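User: Hi, I've just opened this one and could use a hand finding my way around. Can we go through it step by step?

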Amino acid sequence: MSTPACTIVQLTDTHIVAPGELVRGVVDTAHNVRVVLEQVVGSGRNVDALLLSGDLTDDGDIRAYRRLRELVEPAAAALDAEVIYAMGNHDVRENFRVGLFDDAGDPDRPHDTVHLLAGTRVITMDSTRPGRHEGWLTDDQLSWLRHQVATAAPAGSTVLVLHHPPLRSAIPPIDRLRLQDADRLGDVLLGSDVKMIVCGHSHLTGSGSLAGIPVWVGPALSYRLDTFAPIGRHRGVLGFGFSRVDVVGGTVVATAVEATPCEPVYDVSESETLARLRDLARQEM
């Protein structure tokens with residue numbers, strides 16, 4: 001049985017609000033985050049990083065960032081996991097930096113970072129532009145990225161994180177709000193060791209590819225987009241989830257994890273299940 005060399009838990013579009021508020025007057029997003037973190041910590045599984053891939057707050061309120069930090073940091077400590085924060089279009093750079101890092105820095109400077117997790121490199125890029133909701137990467141950012149990926153990661157795998165998916169969409173509002181001029185990013189990544197591009201933003205679970213690299217759009221932690229709504233309608237529905245991104249045998253694999261409360265169909269021993277599968281395989285030989 002293969003053990004992941006690295007496991008990243010992606011929490012995206014948390015849309016935390018100030019205490020006493022609800023998103024769109026309906027969703028207690030802090031509750032959703034709490035439920036998921038309890039599930040992750042309670043699993044007993046090894047987690048190398050908690051990756052929060054943008055739209056961490058709903059409106060950039062400094063109180064919301066501090067509230068999120070109070071939820072995430074104790075869970076990360078219990079997991080002995082790194083916390084990686086990335087910007088989304090609902091975030092405000094200055095409050096993002098003050099609320100999460102106690103340092104305002106330069107509000108005009110994109111929040112781009114590099115992290116090493118057990119030899120796997122995670123690069124986050126700030127695909128936001130203040131006052132806009134579609135995604136952008138500047139020429140300077142792309143030059144910086146080209147320099148980063150010119151050398152391979154120690155373990156030979158890089159995961160690139162940006163909030164806005166570099167994908168077209170059949171859902172018109174999602175298509176309008178994607179990363180613009182994504183081919184420019186694809187040109188930078190050609191021949192690199194980037195094995196997957198991990199995104200959020202769309203409040204749906206989806207996948208595609210850019211320059212032959214898989215693109216994963218993780219499920220939102222706040223609410224879901226109805227991806228097959230009646231024609232002419234655009235609507236959000238209750239439900240939430242997260243992703244596990246595992247590096248296994250040099251391959252990066254993303255898996256959506258359902259977090260909406262539901263009844264189990266079965267709950268059995270993993271070792272017994274594997275033994276039964278081995279028995280079946282022997283019978284077929």
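This is a predicted model: local features need pLDDT of at least 70, side-chain atom pairs count only at pLDDT 80 or more; totals for chains, interfaces and linings use all residues.

User: What kind of aromatic pair do Tyr-85 and Phe-101 form?

Analyst: Searching the whole structure turns up three aromatic pairs. In the pair of Tyr-85 and Phe-101, the centres are 5.8 Å apart and the planes make an angle of 80°. Planes over 60 degrees apart get one particular label, so this pair is edge-to-face.

User: How many residues apart in sequence are the parts that this pair ties together?

Analyst: Tyr-85 belongs to strand β3 (residues 82-86), while Phe-101 belongs to helix α3 (residues 93-101). Phe-101 is partly exposed, at 39% relative accessible area. The pair therefore ties together parts that sit 16 residues apart in sequence.

User: How do α2 and α3 pack, and what is the handedness of their crossing?

Analyst: Helix α2 (residues 62-79) packs with α3 at about 35°, and their axes are 8 Å apart. On the α2 side the contact includes Tyr-65, and on the α3 side it includes Phe-96 and Phe-101. As for the handedness, the crossing of α2 and α3 is right-handed.

User: Which residue's side chain has a polar contact with that of Thr-7?

Analyst: Thr-7 is part of strand β1 (residues 6-11), and at 7% relative accessibility Thr-7 counts as buried. Leaving out residues up to four places away in sequence, Thr-7 touches several others, including Asn-46, Val-47 and Arg-244. The polar contact, at 2.6 Å, joins the side chain of Thr-7 to that of Asp-246.

User: What is phi of Asp-102 near?

Analyst: Asp-102 is in the loop between α3 and β4 (113-117). At a relative accessible area of 59%, Asp-102 is exposed. Its phi is positive, in a residue other than glycine, and is near 60°.

User: Where does the charged end of Arg-129 sit?

Analyst: The distance to look at here is 4.0 Å, from the charged end of Arg-129 to a ring centre. The ring that this charged end sits over is that of Trp-136.

Note on methods
Residues are numbered from 1 along each chain as its sequence is written. Side-chain values use heavy atoms; hydrogens and water are left out. Rings of Phe, Tyr and Trp (its six-membered ring) pair if their centres lie within 6.5 Å; planes under 30 degrees apart count as stacked, over 60 as edge-to-face and the rest as tilted. Helices (H or I, at least four residues) and strands (E, at least two) are DSSP runs, numbered from the N terminus. Buried means under 20% relative accessible area, exposed over 50%, partly exposed in between (1.4 Å probe, protein chains only). A charge sits over a ring if NZ of Lys or CZ of Arg is within 6 Å of the ring centre and within 35 degrees of the ring normal. A polar contact is a pair of N or O atoms within 3.5 Å; within protein, one must be able to donate a hydrogen and the other to accept it, and residues adjacent in sequence count only if both atoms are side-chain atoms. Contact means heavy atoms within 4.5 Å. Axes are lines fitted to C-alpha atoms, for helices over the stretch in contact, and angles run from 0 to 180 degrees between N-to-C directions. A crossing is left-handed if the near helix is turned anticlockwise from the far one by less than a right angle, and right-handed if clockwise.
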